[in-house]
Amino acid sequence: MRVKVELEIEVTGDATEEFLQFELHYNGQCSGNNPFFDEDSESDYSVEQFYIEEI
């Protein structure tokens, strides 16, 4: 089976796409100085829309 997945993600703070690629296992590495790794950072994300269809 093959599926197409579409996510709409709300990102806050000083974030980069690098962390989302890492978090979603699209990329196996992420810089240690990425704002998402700093607990005091205001960077966060939430999935607002999730859509999947079989192709």
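## Tour of a β-α-β model

Select Met1, Val3, Val5, Leu7, Leu24, Val47, Phe50 and Ile52: together they make a nonpolar surface patch of about 800 Å². This is a predicted model. Colour the patch by element next. Strand S1 (3-12) and strand S2 (44-54) each give at least two residues to the nonpolar patch.

**Stop 1: Val47.** Keep the patch on screen and pick one of its members, Val47. Valine 47 sits in strand S2. Its relative accessible area is 45%, so valine 47 counts as partly exposed.

**Stop 2: Tyr51.** Stay on strand S2, where tyrosine 51 is also found. Buried or partly exposed: which is tyrosine 51? Tyrosine 51 is partly exposed, because its relative accessible area is 43%, between the 20% limit for buried and the 50% limit for exposed. Now show its surroundings. Beyond its neighbours within four places in sequence, tyrosine 51 is in contact with Lys4, Val5 and Glu6. Val5 is also one of the patch residues. Then draw a distance from tyrosine 51 to glutamine 29. The two lie 22 residues apart along the chain, and 26 Å separates their C-alpha atoms.

**Stop 3: the whole chain.** Zoom out and switch to cartoon. How many helices and strands does the protein have? There is 1 helix, and there are 2 strands. Read from the N terminus, the order of elements is β-α-β. The radius of gyration is 13 Å, well over the 10 Å that the globule rule gives for 55 residues, so the protein is more spread out than a compact globule.

The accessible surface of the protein comes to about 4,700 Å², with 43% of it belonging to carbon and sulfur atoms. Colour by burial as well. Buried residues account for 13% of the 55 residues.

**Stop 4: the aromatic rings.** Select Phe19, Phe22 and Tyr45, which form one aromatic cluster. A pair of aromatic rings is described by the distance of the centres and the angle of the planes. The protein has 2 aromatic pairs. One of them joins phenylalanine 19 and phenylalanine 22: the pair is tilted, at 6.5 Å centre to centre and 50° between the planes. Why are these two phenylalanines about one helical turn apart? Because phenylalanine 19 and phenylalanine 22 are 3 residues apart in helix H1 (residues 17-23).

Phenylalanine 19 has 7% relative accessibility, so it counts as buried. Phenylalanine 22 has 28%, so it counts as partly exposed.

**Stop 5: Asn34.** Follow the chain on from the helix. Asparagine 34 lies in the loop between H1 and S2. At 3% relative accessible area, asparagine 34 is buried. Which residues touch asparagine 34, leaving aside its neighbours within four places in sequence? They are Thr16, Glu18 and Phe19.

Draw a line from asparagine 34 to glutamate 8, 26 residues away along the chain. The C-alpha separation is 21 Å.

Terms used
Residues numbered from 1 in each chain as written. Predicted model: local features only at pLDDT ≥ 70, side-chain atom pairs only at ≥ 80, totals over all residues. Heavy atoms only, no water. Helix = DSSP H or I, 4+ residues; strand = E, 2+ residues; numbered from the N terminus. Rg over C-alpha atoms; globule rule 2.2 N^0.38 Å. Buried < 20%, exposed > 50% of the residue type's maximum accessible area, 1.4 Å probe, protein only. Areas by Shrake-Rupley, 256 points an atom, 1.4 Å probe, with all protein chains shown as cover. Phe/Tyr/Trp six-rings, centres within 6.5 Å; stacked < 30°, edge-to-face > 60°. Patch = residues over 30% accessible without salt bridge, like charges linked within 9 Å, V, L, I, M, F, W, Y side chains within 5 Å. Salt bridge = Lys/Arg side-chain N within 4 Å of Asp/Glu carboxyl O. Contact = heavy atoms within 4.5 Å.
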